[in-house]
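I am opening a notebook on a structure that is new to me. My entries follow in the order I looked things up.

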Amino acid sequence: MAERTIEECVDELDTFVATLTHFPEPVLAHALRVHLAALLRALLEGHALTLAQVREFLMDLDREVLGDHSGATSGGDCER
């Protein structure tokens, strides 16, 4: 059930993000990062996730985004 819910949510988010074509992709990426950070903080502060779960989520995200390149940069800096 949870997987289906996640898939449906991803589909709805994809549909919405597709309407934001008037924003350059880097602007959209930064806005989504700000929103995700606020969401993760709220989940952490509301005790819906533990610190370990948030760290695991962020490590998984790092691997998904950077793959083999994850060792190429450190410190969380990103080019703008």
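Is Asp-60 buried, partly exposed or exposed? I looked up its relative accessibility and found 28%, so Asp-60 counts as partly exposed. I keep in mind that this is a predicted model.

**Entry: the salt bridge**

I asked next how many salt bridges the structure holds. The count is 1. I found its partners: the side chain of Asp-60 meets that of Arg-63, with 2.4 Å from N to O. That falls within the 4 Å cut-off for a salt bridge. Both Arg-63 and Asp-60 sit in helix 3. They are 3 residues apart, which is about one turn of the helix.

**Entry: the whole chain**

I stepped back to the protein chain. I noted 3 helices and 0 strands. Along the sequence, the pattern reads α-α-α. The protein chain has 80 residues, and 5% of them are buried. I wrote down an accessible surface of about 7200 Å² for the protein chain. Carbon and sulfur atoms account for 61% of that surface.

**Entry: helix 2 and helix 3**

I wanted to know how two of the helices lie. Two packed helices are described by the angle between their axes and the distance between the axes. Helix 2 covers residues 25-45, and helix 3 covers residues 51-66. Their axes come within 9 Å of each other and cross at roughly 155°. Angles over 145 degrees count as roughly antiparallel. Helix 2 and helix 3 are therefore roughly antiparallel to each other. I also noted the hand: the crossing of helix 2 and helix 3 is right-handed.

**Entry: the loop**

I then looked between helix 2 and helix 3. His-47 has its place in the loop there. Its phi is near 65°, a positive value in a residue other than glycine. Is His-47 buried or exposed? I found a relative accessible area of 71%, so His-47 is exposed.

**Entry: a nonpolar patch**

Last, I went over the surface. Which residues form a nonpolar patch there? I listed Phe-57, Leu-58, Leu-61 and Val-65. Together they have about 340 Å² of accessible area. I took a second look at one of them, Phe-57. Phe-57 lies in helix 3. Its relative accessibility is 37%, so Phe-57 counts as partly exposed.

Terms used
Residues are numbered from 1 along each chain as its sequence is written. This is a predicted model: local features need pLDDT of at least 70, side-chain atom pairs count only at pLDDT 80 or more; totals for chains, interfaces and linings use all residues. Side-chain values use heavy atoms; hydrogens and water are left out. Patches are made of residues with over 30% relative accessible area and no salt bridge: like charges are joined within 9 Å, nonpolar side chains (Val, Leu, Ile, Met, Phe, Trp, Tyr) within 5 Å. Accessible areas come from the Shrake-Rupley method with a 1.4 Å probe; for residues, only the protein chains shown count as cover. Helices (H or I, at least four residues) and strands (E, at least two) are DSSP runs, numbered from the N terminus. Buried means under 20% relative accessible area, exposed over 50%, partly exposed in between (1.4 Å probe, protein chains only). Axes are lines fitted to C-alpha atoms, for helices over the stretch in contact, and angles run from 0 to 180 degrees between N-to-C directions. Angles under 35 degrees count as roughly parallel, over 145 as roughly antiparallel, 65 to 115 as roughly perpendicular and the rest as oblique. A crossing is left-handed if the near helix is turned anticlockwise from the far one by less than a right angle, and right-handed if clockwise.
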